[in-house]
Amino acid sequence: MCIIVVKPKGKLVSKKTLKNCFDNNSDGAGYVYHNGKENVINKGFFTFKSFYNSYKTEVKKEYPAIIHFRIATAGKVDGGNCHPFPLVGKLSLLRTTYLKTRGICVAHNGVIDINIKKKKVSDTIQF
């Protein structure tokens with residue numbers, strides 16, 4: 001099952017914790033944070049170094065964030081299928097690896113029990 005870390009505003013998540021999560025769920029990582037104006041999604045990391053360098057640069061202590069470490073259950077292992085996702089109906093926006101939005105963003109654990117019609121796209125995107 002995927003791992004989700006919730007980082008409250010004013011808190012930090014240790015590098016050790018993030019590395020442990022990544023090492024145990026290595027089918028892609030991503031995060032969303034709120035910078036006071038908008039939600040920023042950055043996802044599609046397949047090495048801990050690239051993930052952590054981006055994370056420590058972008059996610060400030062004062063920003064709340066959701067961090068997701070994927071284990072692929074449906075869909076191709078690629079950046080577009082990594083979580084989090086903006087809550088939209090447009091495939092290109094769901095699959096983009098960097099997005100700023102004022103809308104809702106989602107990440108989840110487990111499998112959504114639906115009929116998979118597009119084999120390369122995750123169950124979350126299809127839902």
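This is a predicted model: local features need pLDDT of at least 70, side-chain atom pairs count only at pLDDT 80 or more; totals for chains, interfaces and linings use all residues.
Reader: Which strands pair with E2, and in what sense?

Author: Strand E2, residues 29-34, is joined to strand E3, residues 39-45, by 6 bridges, and the two run antiparallel. Strand E4, residues 65-69, is also antiparallel to E2, with 5 bridges between them.

Reader: Which residues stand opposite each other in these pairs?

Author: On the E3 side, glycine 30 faces lysine 43, and tyrosine 33 has valine 40 as its bridge partner. On the E4 side, alanine 29 is opposite phenylalanine 69.

Reader: Which other strand pairs with E3?

Author: Strand E6, residues 98-101, pairs with E3 over 4 bridges, again in the antiparallel sense. Within that pairing, tyrosine 98 in E6 is the bridge partner of asparagine 42.

Reader: How many residues of E2 and of E3 are buried?

Author: In E2, 5 of the 6 residues are buried, and the strand is mostly covered. In E3 the count is 6 of 7, so that strand is largely enclosed by the rest of the structure.

Reader: How should I read the buried residues of a helix such as H1?

Author: Start with the general idea. An α-helix has 3.6 residues a turn, so residues three or four places apart point the same way. In H1, residues 15-24, the buried residues include Leu18, Cys21 and Phe22. Viewed down the axis of H1, its buried residues fall within an arc of 95°, so they line one face of the helix.

Reader: What does H1 pack against through its buried residues?

Author: Those residues pack against strands E1 (3-7), E2, E3 and E4, and against helix H2 (48-58).

Reader: Take threonine 101: is the residue buried or exposed?

Author: The cut-off for buried is under 20% relative accessible area. Threonine 101 has a relative accessible area of 17%, so the residue is buried. Threonine 101 lies in strand E6.

Reader: What does threonine 101 touch, and what lies 2.9 Å from a polar atom of its side chain?

Author: Leaving aside residues up to four places away in sequence, threonine 101 touches Glu38 and Asn39. The atom at 2.9 Å from a polar atom of the threonine 101 side chain is the backbone nitrogen of glycine 103.

Key: Residues are numbered from 1 along each chain as its sequence is written. Side-chain values use heavy atoms; hydrogens and water are left out. Buried means under 20% relative accessible area, exposed over 50%, partly exposed in between (1.4 Å probe, protein chains only). Two strands pair if DSSP finds at least two bridges between them. The arc is that of the directions from the helix axis to the C-beta atoms. Contact means heavy atoms within 4.5 Å. A polar contact is a pair of N or O atoms within 3.5 Å; within protein, one must be able to donate a hydrogen and the other to accept it, and residues adjacent in sequence count only if both atoms are side-chain atoms.
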